[in-house]
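Subject: Structure handover

Hello,

Here is the structure for your files. Please open it alongside this message, as the notes refer to residues by number.

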Amino acid sequence: MLKRTLAGLLALSTLSGFNFPEKHDCDKHRQHNELLTQKVEYKFLGPQDRGYQPPVTQIGHLQIDARLRNYAGDNRVKIMQALELMQTVINSQEFQEQVYNFTFKGERQFNQNEGYSNEQIYSQLMEAREILLPESEGIINLDLSLYTPKWWQVTQRNVVGYTNPDSLRIFMNTNFFGKFEPSDVAGNMTHEWVHKMGFSHDFNANEDRPFSVPYAIGYIMRELAAKVAKGAKLTSVAR
Ligand SMILES: [Zn+2]
């Protein structure tokens, strides 16, 4: 009897693993690793290419409303610089142009784009209606905190940051935060925020994952933020 029950349970759990497609697994595994330290070379269409989309300037100006939980001293300075970079970049024509002209497998598209075009993804980001805060239009809502993995949390030590689907809170690993430039922090925050906007990616690393919306937007942010930090001037989108 016990044997049969166990076998039944086993069969059920195996079955349910297959019956719930990625949505279920994704939500369950959203508390994930964000290894944002790799370098990715993306291809963007330029003005000389067929299908190039020039940036449109009539776009609202995004604000950032950030709750900072435990940032003091140098950490506070760094997170404030990162937030300023994020706001500058996300409101720039250069950011818009790169999102519009992002390519994956030779087409102007993102991987795992939920059926949305590059322009639709950009518009959604600029509306900034987070899944958990759909009424808050035009404001990027962030809830940020630092954490330090304990020595026995082996799998946590290589995690740059993580977030859970049922809360706006974003956790950043002090081991990485301490070494990061503000532009890296801006890229990491943006990646996590794009999850809050409803986009996901494969749990395990693979060659297409960097082209998912969270990864690609995070990397675009990091690259442009690094340029701004070095003194480059971006063109602000009109209010
Ligand atoms: Zn992610």
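Predicted model: local features only at pLDDT ≥ 70, side-chain atom pairs only at ≥ 80, totals over all residues.

Residues are numbered from 1 along each chain as its sequence is written, and side-chain values use heavy atoms, with hydrogens and water left out.

Helix pair

Helices (H or I, at least four residues) and strands (E, at least two) are DSSP runs, numbered from the N terminus. The axes of helix α3 (residues 73-90) and helix α8 (residues 213-229) cross at roughly 105 degrees and come within 9 Å. Axes here are lines fitted to C-alpha atoms, for helices over the stretch in contact, and angles run from 0 to 180 degrees between N-to-C directions.

On the α3 side, the contact (heavy atoms within 4.5 Å) is made by Leu85, Met86, Thr88, Val89 and Ile90. Helix α8 contributes Met221, Leu224, Ala225, Val228 and Ala229. By class, the contact has 9 nonpolar, 1 polar and no charged residues. Nonpolar covers Ala, Val, Leu, Ile, Met, Phe, Trp, Tyr, Cys and Pro; charged covers Asp, Glu, Lys and Arg; the others, Gly among them, are polar.

Salt bridges

A salt bridge is a side-chain nitrogen of Lys or Arg within 4 Å of a carboxyl oxygen of Asp or Glu. The whole structure has 7 salt bridges.

One of them pairs Asp208 with Lys105, with the closest N and O atoms 3.6 Å apart. Asp208 lies in the loop between α7 (182-196) and α8, and Lys105 in the loop between β3 (102-103) and α5 (118-127), so the pair ties together parts that are 103 residues apart in sequence. For exposure, buried means under 20% relative accessible area, exposed over 50%, and partly exposed in between (1.4 Å probe, protein chains only). Asp208 is partly exposed at 24%, and Lys105 is exposed at 62%.

Arg222 and Glu223 form another salt bridge, their closest N and O atoms being 3.7 Å apart. Arg222 is buried at 9%, whereas Glu223 is partly exposed at 35%. Elsewhere, salt bridges that share partners join Glu127, Arg129 and Glu137 into one network. Within it, the closest N and O atoms of Arg129 and Glu137 are 2.8 Å apart.

Regards
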